[in-house]
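Thank you all for coming; I would like to walk you through one model this morning. Please have a look at it on the screen first, and then I will take the details in turn.

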Amino acid sequence: MIFSVSGSLLDFLVLAVLNQEDTYGYILTQRVKNVIEISDSTLYPVLRRLMKDGLLTTYDQPFQGRNRRYYSITETGRKQLALFTEEWEHHKAQIDFILEGGIRHD
Amino acid sequence: MTKYVFLARLEEALAALDPDERRATLQYYEEYFEDNAEAADTLSPEQIAAETLASYGIDSDAPQKAEPQAVSPPRKFPVGRLVGGILLSFLAVTLGSVALGMICASAILFVVAFFILQLSVPLAVTVFGSAILALGLFGLSLGGTVKSVKGATNLFKNCEGGEAA
């Protein structure tokens, strides 16, 4: 990955993945790793912050005698995801505009 | 290292953290290692602790904003280009009028010189010279007009394109 992914973009990706289905830390990290290079410890602070802002909640599910903590997107989280998506579309359009040499294809 | 050593070191390194937050962090990584034991070899407990403490340090001072940051500057209408284009248009019109006047004057002076030739040669030469002068001025103002028109067209075209210079 040539372009660095951090901050808001990571939040965006995490919300997008959780919007598809609830999942736990390891699977979430694997899914994001499919798209961008992150370390195994990258997502924990992201998840904690998103929880603190009320965009995610968690619940525990027992699995093979131990616990698994699942992360779930909230309604506020969905609204934020919609905001991010809109910003992303705009950002993409701006980049494409520059790549096309500043000529609009209306 | 084994995950037990890892978690023990992580717990130590997180001593400064609130007990509930510390427990949550340890739980996250304990679970993570259940699914991915190799991660305990590639990660450093001290580094994770540092990152975790840093993120708590930032959060405890001010709440994180939920709104996404603006990813691009707001689009501005390029007023500068529009004004420049208008000014150059005025200049083009002015110079164009001068050019038109000059070519007419030059033509008239050539004709007059021809007629005066029969009356007085020196006078005819003078008028002829003026005609050449007018012709030269026509050339200059024509060149200026063309440049102004080109410049104005450029500026107006780039207004359509987007951001201000």
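Let me begin with a definition, since I will be naming elements throughout: helices (H or I, at least four residues) and strands (E, at least two) are DSSP runs, numbered from the N terminus. What you see is a predicted model, in which local features need pLDDT of at least 70 and side-chain atom pairs count only at pLDDT 80 or more, while totals for chains, interfaces and linings use all residues. Residues are numbered from 1 along each chain as its sequence is written, chains are lettered from A and ligands numbered from 1 in the order in which they are written, and side-chain values use heavy atoms, with hydrogens and water left out.

With that in hand, I start in a loop of chain A, where A:Q64 sits between β2 (56-63) and β3 (66-73). Its phi is near 50 degrees, which is a positive value in a residue other than glycine. Is A:Q64 buried or exposed? At 68% relative accessibility A:Q64 counts as exposed, where exposed means over 50% relative accessible area, buried under 20%, and partly exposed in between, with a 1.4 Å probe and protein chains only.

Stepping back to the whole of chain A, we find four helices and three strands, and their order along the sequence is α-β-α-α-β-β-α. Chain A has 106 residues, of which 37% count as buried. If we take its contacts with a separation of 6 or more, 50% of them are accounted for by residues 24 or more positions apart, a contact being heavy atoms within 4.5 Å.

Now to helix packing. Two packed helices are described by the angle between their axes and the distance between the axes. Here the axes are lines fitted to C-alpha atoms, for helices over the stretch in contact, and the angles run from 0 to 180 degrees between N-to-C directions.

In chain A, the axes of helix α1 (residues 8-20) and helix α2 (residues 25-35) come within 10 Å and cross at roughly 115 degrees. On the α1(A) side the contact is made by A:V14, A:V17 and A:L18, and on the α2(A) side by A:L28, A:R31 and A:V32. These residues divide into five nonpolar, no polar and one charged, with Ala, Val, Leu, Ile, Met, Phe, Trp, Tyr, Cys and Pro counted as nonpolar, Asp, Glu, Lys and Arg as charged, and the others, Gly among them, as polar.

How does α1(A) meet helix α4 (residues 75-99) of chain A, and at what angle do the axes cross? The axes come within 10 Å and cross at roughly 125 degrees, and α1(A) and α4(A) are therefore oblique to each other, given that angles under 35 degrees count as roughly parallel, over 145 as roughly antiparallel, 65 to 115 as roughly perpendicular and the rest as oblique. Among the residues that meet are A:F12 and A:L15 in α1(A) and A:F84 and A:W88 in α4(A). The residues of this contact divide into seven nonpolar, five polar and two charged.

Finally, two residues of chain B. B:F33, in helix α2 (residues 19-35), is buried, with a relative accessible area of 3%. Leaving aside neighbours within four places in sequence, B:F33 is in contact with B:K3, B:F6, B:L7, B:A39, B:A40 and B:L43. B:T145 lies in helix α6 (residues 121-161) and counts as buried at 13% relative accessibility. B:T145 and B:G96 are 49 residues apart in sequence, yet 5.5 Å apart in space, C-alpha to C-alpha.
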